[in-house]
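Have the viewer open as you read.

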Amino acid sequence: MSRDAFAPSADMLRADEAITRLLALVEPAAETERVALTDAYGRVLAEDVISDRNVPPHDNSAVDGYAVRFADLSAEAETTLPVVMRIPAGHVPERPLAPGEAARIFTGAPVPAEADTIIPQEPCREEDGRVVLPPVKKAGQNLRRAGEDIVAGQCILGAGTRLRPQEVGYMASVGCARPLVYRTVRAAVFSTGDEVRDPGADAPPGAIYDSNRYVLIGLLRDMGCTVRDFGILPDDPARLRAVLQEAAAEADVVLTSGGVSTGEEDHVKAVLGELGTLDFWRVAIRPGRPLAVGRVGQAAFIGLPGNPVAVFVTFMMFARPLILKRMGLREVLPRPVPVRAGFAFKKRPGRREWLRATLEPGDDGLPVAQRFPSEGSGILRSVVTSHGLLALPEDPAEITPGMVLDFLPFEELKR
Ligand code: AMP
Ligand code: MG
């Protein structure tokens, strides 16, 4: 009989099945609020933003120079025209440009009607109210057309979009001052384990410091969640019960690490089963096979494994999509980029594995991934020194050099 605890079997979920089931556990938070633009960074739009205007609102000059009618110019010789208007940015031309006239114009200023070309000031000379223009071969230069960025009535950003600085600026450009966003998702976090201590406290023989909580709190904040920290809980069902109840009462998502294996001291599952609904999943993945998933009241619960690398990986692959959905995001799955394996590796068929890897330039345009030499799921250094996770597909038993694989950069976690 095989004693390999990782041998894939019929009662094991494939990684993509686990993600699908996880996403079915939550809906976007129903509550929304309007916020000022300066409070909108990182938030998620709860409605489409429709522009009620053209951007730019008028044809305008892309340079400091002279607005002219192209028909008045020569392709071979200089042309001298009277300067009949001066149009700084923010001012409206007094009248259309008549044939044989030029207008002094500045960047961003509305172009007078009938002018079709702007000549930059550098090759021009202005003397006694007249401008000497260089030969010009092409009509329509240096003119920015009304609506060339946004047309009135256009949906500029859809509901479910994360608002990065560029999206916030884009909304500002159409005059949207208070976008409607989903309310911030509240997360609660605690670690479990009699051996786990908080940095700053003594670590007696047999104890280790808590790294998981500090990883999770940061990952959640990067995503835009508020986080309530419930600290470290001993392997004691009564304490777990009390804290889980409190956490679930105020959070949308409760995340824990440790205590979800099948050992005698792993009480998280049992307590979850008492307080809410429990799905205990054996997922055919490495690292991080056991995953406790469920609900306590209104809150979704995800019990991550204890090993720090497994925490990182299962957060990225499972917890993050669920939380992003809850936040109202339309795109919740990480976006892999193709890379080539720079190594050979034997894996177990039927199991999805994520190696930590660094990228180096390749010969054919695809970067080459080198794996962190140790797969140990307790070696947090692998996450510190690598660039991201290299996904090994389920089926093959062997990864050969040059094989194209999916790579998930750690920056993806900030999205
Ligand atoms: P468990 O799933 O509780 O059996 O934990 C698996 C492994 O992860 C054990 O070696 C634990 O000591 C370790 N571990 C659990 N929680 C943490 C934590 N918060 N920080 C660092 N290591 C942990
Ligand atoms: Mg434990």
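How many residues surround ligand 1, and which are the closest? In this predicted model, 17 residues surround the ligand, and the closest are Glu195, Asp210, Asn212, Gly259 and Gly306. By type, the shell divides into four nonpolar, ten polar and three charged residues. As for where the shell comes from, strand 13 (186-192) and strand 15 (208-209) each supply at least two of its residues.

| Residue | Protein atom | Ligand 1 atom | Distance |
|---|---|---|---|
| Glu195 | polar side-chain atom | oxygen | 2.6 Å |
| Asp210 | polar side-chain atom | nitrogen | 2.7 Å |
| Asn307 | backbone N or O atom | oxygen | 3.2 Å |

Taken alone, ligand 1 exposes 490 Å², and the protein buries 77% of that.

Now for the backbone. Most residues other than glycine have a negative phi, and most peptide bonds are trans. Here are some spots that go the other way.

Two prolines come first. The peptide bond from Val55 to Pro56 is cis, with omega near -10°. Pro56 sits in the loop between strand 2 (49-50) and strand 3 (60-61). Further along, Arg286 and Pro287 are also joined by a cis peptide bond, this time with omega about -5°. You'll find Pro287 in the loop between strand 19 (285-286) and strand 20 (290-296).

Then there are the positive phi values. Glu114 isn't a glycine, yet its phi is positive, about 80°. It belongs to the loop between strand 6 (102-105) and strand 7 (117-120). Asp128, another residue other than glycine, has a positive phi near 55°, and its place is in the loop between strand 8 (125-127) and strand 9 (130-133).

On to helix 1 (residues 15-23). Which of its residues are buried? They are Ala15, Ala18, Ile19, Leu22 and Leu23. These residues cover an arc of only 130° around the axis, so they lie on the same side of helix 1. What covers them includes strand 18 (277-282), strand 19, strand 20, strand 21 (299-304), helix 6 (308-327) and strand 24 (352-360).

Leaving aside neighbours within four places in sequence, Ile302 is in contact with Leu22, Val254, Leu255, Thr256, Ala292, Ala319 and Leu322. The C-alpha atoms of Ile302 and Ser257 are separated by 8.6 Å, although the two residues are 45 apart along the chain.

Where does its side chain reach? It comes to 3.4 Å from the backbone nitrogen of Arg348. Glu353 counts as buried because its relative accessible area is 2%, under the 20% cut-off. Not counting residues up to four places away in sequence, Glu353 touches Arg286, Phe345, Lys347, Arg348, Leu390, Ala391 and Leu392. Arg286 is the residue joined to Pro287 by a cis bond.

Another buried glutamate is Glu101, with a relative accessible area of 13%. Its place is in the loop between strand 5 (79-87) and strand 6. The side chain of Glu101 makes a polar contact with the side chain of Arg95 at 2.9 Å. Beyond its neighbours within four places in sequence, Glu101 is in contact with Ala67, Val68, Asp72, Leu81, Pro82, Val84, Arg95 and Pro96.

One last stop: Leu366, in the loop between strand 24 and strand 25 (368-371). Not counting residues up to four places away in sequence, Leu366 touches Pro338, Val339, Arg340 and Val404. Leu366 and Val404 are 38 residues apart along the chain, with their C-alpha atoms separated by 8.7 Å.

How values were computed
Residues are numbered from 1 along each chain as its sequence is written. Chains are lettered from A and ligands numbered from 1 in the order in which they are written. This is a predicted model: local features need pLDDT of at least 70, side-chain atom pairs count only at pLDDT 80 or more; totals for chains, interfaces and linings use all residues. Side-chain values use heavy atoms; hydrogens and water are left out. A residue is near a molecule or strand if one of its heavy atoms lies within 4 Å of it. A polar contact is a pair of N or O atoms within 3.5 Å; within protein, one must be able to donate a hydrogen and the other to accept it, and residues adjacent in sequence count only if both atoms are side-chain atoms. Accessible areas come from the Shrake-Rupley method with a 1.4 Å probe; for residues, only the protein chains shown count as cover. Helices (H or I, at least four residues) and strands (E, at least two) are DSSP runs, numbered from the N terminus. Ala, Val, Leu, Ile, Met, Phe, Trp, Tyr, Cys and Pro count as nonpolar, Asp, Glu, Lys and Arg as charged, and the others, Gly among them, as polar. Buried means under 20% relative accessible area, exposed over 50%, partly exposed in between (1.4 Å probe, protein chains only). The arc is that of the directions from the helix axis to the C-beta atoms. Contact means heavy atoms within 4.5 Å.
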